[in-house]
Amino acid sequence: MIFKSKCEICTKEISKYKCPKCQIEYCSLACYKSTAHTHLEDSKVGGNQIKKELQKVDGPINSSDQLYLENCEKISNNKSVYQKILQDEKIQYYLKLPQLQVHLLIIFKIMNEISLTNEYNSGNRKEIASRKLNSLRIAGIEENELVEEFCQCFLSLYHKFLHS
């Protein structure tokens, strides 16, 4: 099966394959076997774990990965609503699922990488990411039950912690 998107592991070449386990698109056997391609079901979720995984990858960390790490660190250092949500067992369970990780990564990249959307305005990229998320939710053209369950759980906790 041939894909026209970039390899989600090296982000340099056109993807040619899709992992049957996590559905990530990759370009070569080298990328498939690289330390950047892991199935994180058994690992802990959080900025420090992600940072450790990214440090294993050969080569420099790109700017979007660095931004993601900075955001993870802000959340982990901040006793906020989001920190409480991240500590929730259900949220941790969902974030360990590769199927959800792929969708969340795509949305994150849409928001942060101009090359994916050719949109230089960050507000417009956020709108595109919002549309992508909505298309994955109930009644969306890409409806995905797992994404919907995660969103419902997240929103429920957000409202609970916001008003507590």
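E13 is placed in the segment before β1 (17–18), where a strand is a DSSP run of E with at least two residues and a helix a run of H or I with at least four, both numbered from the N terminus. This is a predicted model, in which local features need pLDDT of at least 70 and side-chain atom pairs count only at pLDDT 80 or more, while totals for chains, interfaces and linings use all residues. Residues are numbered from 1 along each chain as its sequence is written, and side-chain values use heavy atoms, with hydrogens and water left out.

**Around E13**

With a relative accessible area of 49%, E13 is partly exposed; buried means under 20%, exposed over 50%, and partly exposed in between, using a 1.4 Å probe and protein chains only. Although E13 and C27 are 14 residues apart in sequence, their C-alpha atoms are 6.2 Å apart in space. Leaving aside residues up to four places away in sequence, E13 touches S5, K6, C7 and C27, a contact being heavy atoms within 4.5 Å.

**The second largest pocket**

The second largest pocket has a volume of about 580 Å³, which is the space filled by probe spheres set on grid points joined across faces, edges and corners. On a 1 Å grid over the protein atoms alone, a pocket is an open set of points where a 1.4 Å probe fits, with protein on both sides within 12 Å along at least five of seven lines, and its lining residues have an atom within 4 Å of a point. This pocket is lined by 23 residues, and S5, K6, E8, E25 and I106 lie nearest its centre. Helix α6 gives the most to this lining, with 8 residues.

**Aromatic residues**

The structure holds 8 aromatic pairs, in which ring centres of Phe, Tyr or Trp (its six-membered ring) lie within 6.5 Å, with planes under 30 degrees apart counted as stacked, over 60 as edge-to-face and the rest as tilted. One of them is the stacked pair of F154 and Y158, with 6.4 Å centre to centre and 10° between the planes. Both residues lie in helix α9 (residues 145–162), 4 residues apart, about one turn of the helix. Y82, Y93, Y94, F150, F154 and Y158 form one aromatic cluster.

The table lists the accessibility of the two paired residues.

| Residue | Relative accessible area | Class |
|---|---|---|
| F154 | 24% | partly exposed |
| Y158 | 23% | partly exposed |
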